[in-house]
Amino acid sequence: MSDILAAITGVQGYVPDYILTNKELESMVDTNDEWISSRTGIKERRILKGDGLAASDMGYEMVKGLLEKTNTKPEEVELVICATITGDMIFPDTANTICDKVGINNAFGFDINAACSGFLFALTTGEQFIKSGTYKKVIVIGMDVMSSILDYTDRTTCVIFGDGGGAVMLEPNHDGFGVQDALLKGDGAGRHHLHMKAGGSLKPPSLETVTAKEHYVYQEGRPVFKSAVRGMISTTEAVMKRNNLTADDISWVIPHQANIRIISSVAEGLNFPMEKVVVNIQKYGNTTSGTLPLCLWEWENKFKKGDKILLTAFGGGFTWGTTYLTWAY
Ligand code: UT7
């Protein structure tokens, strides 16, 4: 076994300036602040606005800030992994576009598509390159521009999602801090409940697909809700059991921010008091691959070296999982 662990040594989030409030949504679809707040916990979300702006521009802000914060020169970075389902284009990947914009020219990059679990899947992927001793500086990004794939006449989806995300630096740690364990899962049968109908090889874009509004998020909320609660509880329980952790041992639980009712059910199912549960859904909504790094960024100042942290997510695929790490700074 390698004595190298992959530790997060810096985190930088980014959200666009424009704030779309529940009030403004009331003027767009048949909804109201009371419904959105009580059923989801969301009060507002950020929207990327501006001609020619895309995911890579958010990624640029995150990575540029991360390099400054961690005193890293662009040429020192060896690998950039970007978790997103709303990259600039279907191809090429967005990670390499970000590298180009930031001036990282000594690295390779690729994207990971695992929807709301994307950041955890990317973190585990990046971790392997550090743990094996292959690389010393890996950047893992999780972000989405959900506004680019939302139908703003569909009240069942447009009120939930927002734009934003964050990036973390992964570096080797020889003192036992960093990613300790991860349990990641997938179930392709879940794809029927949460997907985009057209635009891929199954149904290439056409006039018909555009007219039928098939290039937007399609979600059956209730089955996704139930599977999300079940999924996050089951992998978190398993990770805690195999690492001999009780709820008292854990400093912070960072759940995917999809719905405050899902977050509370997961916390209750695992006996975590809400004081230990990181929640910022009221400000940003569900930013898909972006929720977990956004939480890390906002809570960074509260974390202490050695804090035991659990991150858990559930999303389209279905994909889900739990990562256990100790904070390294
Ligand atoms: O992050 C990826 C994974 N995604 C998730 O984890 C999301 C999981 N699902 C959810 O969070 C919830 O299912 C939703 C927030 C999507 C929906 O909440 P719900 O409590 O499950 O509502 P529902 O779909 O059962 O709908 C209840 C009612 C319906 O009206 P009727 O049929 O009872 O008359 C909906 O039409 O609420 C209505 N409704 C709305 N009303 C006002 C749905 N959306 C809205 C809305 N405003 N925005």
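Where does F318 lie? F318 sits in the loop between β12 and β13 (319-326), where helices (H or I, at least four residues) and strands (E, at least two) are DSSP runs numbered from the N terminus.

## About the model

Welcome to this structure, which is a predicted model: local features need pLDDT of at least 70, side-chain atom pairs count only at pLDDT 80 or more, and totals for chains, interfaces and linings use all residues. Residues are numbered from 1 along each chain as its sequence is written, and side-chain values use heavy atoms, with hydrogens and water left out.

## Two domains

The chain is divided into domain 1 (5-176) and domain 2 (180-279 + 290-326), with bounds that come from an automatic or database domain assignment. Taken over C-alpha atoms, the centres of domain 1 and domain 2 are 15 Å apart. Their contact takes 39 residues from domain 1 and 36 residues from domain 2, where contact means heavy atoms within 4.5 Å.

## The largest pocket

Let us turn to the pockets. On a 1 Å grid over the protein atoms alone, a pocket is an open set of points where a 1.4 Å probe fits, with protein on both sides within 12 Å along at least five of seven lines, and lining residues have an atom within 4 Å of a point. About 1200 Å³ of space lies in the largest pocket; grid points are joined across faces, edges and corners, and a volume is the space filled by probe spheres set on the points.

The lining of the largest pocket has 47 residues, and I85, T86, N113, I149 and M196 lie nearest the centre. Two or more lining residues come from each of β2 (18-21), β5 (108-112) and β9 (194-196), and β9 gives the most, with three residues. By class, the lining has 27 nonpolar, 14 polar and six charged residues; Ala, Val, Leu, Ile, Met, Phe, Trp, Tyr, Cys and Pro count as nonpolar, Asp, Glu, Lys and Arg as charged, and the others, Gly among them, as polar. Because domain 1 and domain 2 both give residues to the lining, the largest pocket lies between them.

## The second largest pocket

The second largest pocket holds about 690 Å³ of space. Its lining has 28 residues, with W35, I160, G221, N259 and R261 nearest the centre. The elements giving two or more residues to this lining are α2 (33-40), α6 (155-158), α8, α9 and β12 (308-315).

Helix α8 gives the most to the lining of the second largest pocket, with six residues. By class, this lining has 13 nonpolar, ten polar and five charged residues. At least three lining residues are drawn from each of domain 1 and domain 2.

## Helices α8 and α9

Two packed helices are described by the angle between their axes and the distance between the axes. Helix α8 (residues 221-242) and helix α9 (residues 260-269) pack at an angle of about 35 degrees, with their axes 9 Å apart. Axes are lines fitted to C-alpha atoms, for helices over the stretch in contact, and angles run from 0 to 180 degrees between N-to-C directions.

From α8, the residues F225, A228, V229, M232, I233 and E237 meet R261, I262, S265, V266 and G269 in α9. This contact of α8 with α9 has seven nonpolar, two polar and two charged residues.

## Backbone details in loops

A cis peptide bond joins G317 and F318, with omega about -10 degrees. Another cis peptide bond joins F91 and P92, with omega about 0 degrees, and P92 is found in the loop between β4 (79-83) and α4 (94-102).

N71 is not a glycine, although it has a positive phi of about 55 degrees. The loop between α3 (55-69) and β4 is the place of N71.
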